[in-house]
Amino acid sequence: MVEISSVVSKFYNDYVQNTPKKLKLVDIYLGYILLTGIIQFVYCCLVGTFPFNSFLSGFISTVSCFVLAICLRLQANPNNKAVFAGISPERGFADFIFAHVILHLVVMNFIG
């Protein structure tokens with residue numbers, strides 16, 4: 001148990017010291033999306049899926065937003081500059097916003 005707590009504390013301290021603020025904001029957004037997806041799933045299990053299209057579109061939207069945010073985090077991470085050599089962080093953010101607009105248009109169309 002002592003080993004686990006030391007690993008967690010080292011991970012936390014390393015995260016706080018070495019992670020840029022922009023990535024921390026994206027991580028907070030990822031946590032929010034994850035919490036939203038969990039709440040939607042628990043609500044579905046407890047109450048039911050009466051308007052199934054609404055539940056399905058909401059849950060798919062949550063999962064898709066999470067995936068898009070992961071892509072944004074990968075592109076904005078300064079350690080990944082070599083992988084995304086031709087893409088600036090601003091372009092990555094613009095792609096993120098454009099993909100979100102298209103995603104939400106599709107979700108609204110699916111709801112009906």
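A residue counts as buried when its relative accessible area is under 20%, as exposed when that area is over 50%, and as partly exposed in between. In this predicted model, Ile 97 has 39% relative accessibility and therefore counts as partly exposed. Ile 97 lies in helix 4, which covers residues 89-111. Ile 97 also belongs to a nonpolar patch on the surface, together with Phe 93, Phe 98, Val 101, Ile 102, Leu 105 and Val 106. The accessible area of these residues together is about 680 Å².

Helix 4 also packs against helix 3, which spans residues 52-76. Two packed helices are described by the angle between their axes and the distance between the axes. For this pair the angle is about 175° and the axes are 10 Å apart. Angles over 145 degrees count as roughly antiparallel, so helix 3 is roughly antiparallel to helix 4. On the helix 3 side, the residues in contact include Ser 57, Ser 61, Cys 65, Leu 68 and Leu 72. Helix 4 contributes, among others, Phe 96, His 100, Leu 103, His 104 and Val 107.

Ser 61 is found in helix 3 and, with a relative accessibility of 10%, counts as buried. Leaving out residues up to four places away in sequence, Ser 61 touches Leu 103, His 104 and Val 107.

Asp 27 is found in helix 2, residues 21-47. Asp 27 and His 104 are 77 residues apart in sequence, and their C-alpha atoms are 21 Å apart in space. Beyond its neighbours within four places in sequence, Asp 27 is in contact with Tyr 15 and Arg 73.

How values were computed
Residues numbered from 1 in each chain as written. Predicted model: local features only at pLDDT ≥ 70, side-chain atom pairs only at ≥ 80, totals over all residues. Heavy atoms only, no water. Patch = residues over 30% accessible without salt bridge, like charges linked within 9 Å, V, L, I, M, F, W, Y side chains within 5 Å. Areas by Shrake-Rupley, 256 points an atom, 1.4 Å probe, with all protein chains shown as cover. Salt bridge = Lys/Arg side-chain N within 4 Å of Asp/Glu carboxyl O. Helix = DSSP H or I, 4+ residues; strand = E, 2+ residues; numbered from the N terminus. Buried < 20%, exposed > 50% of the residue type's maximum accessible area, 1.4 Å probe, protein only. Axes fitted to C-alpha atoms, helices over the stretch in contact; angles between N-to-C directions. Parallel < 35°, antiparallel > 145°, perpendicular 65-115°, else oblique. Contact = heavy atoms within 4.5 Å.
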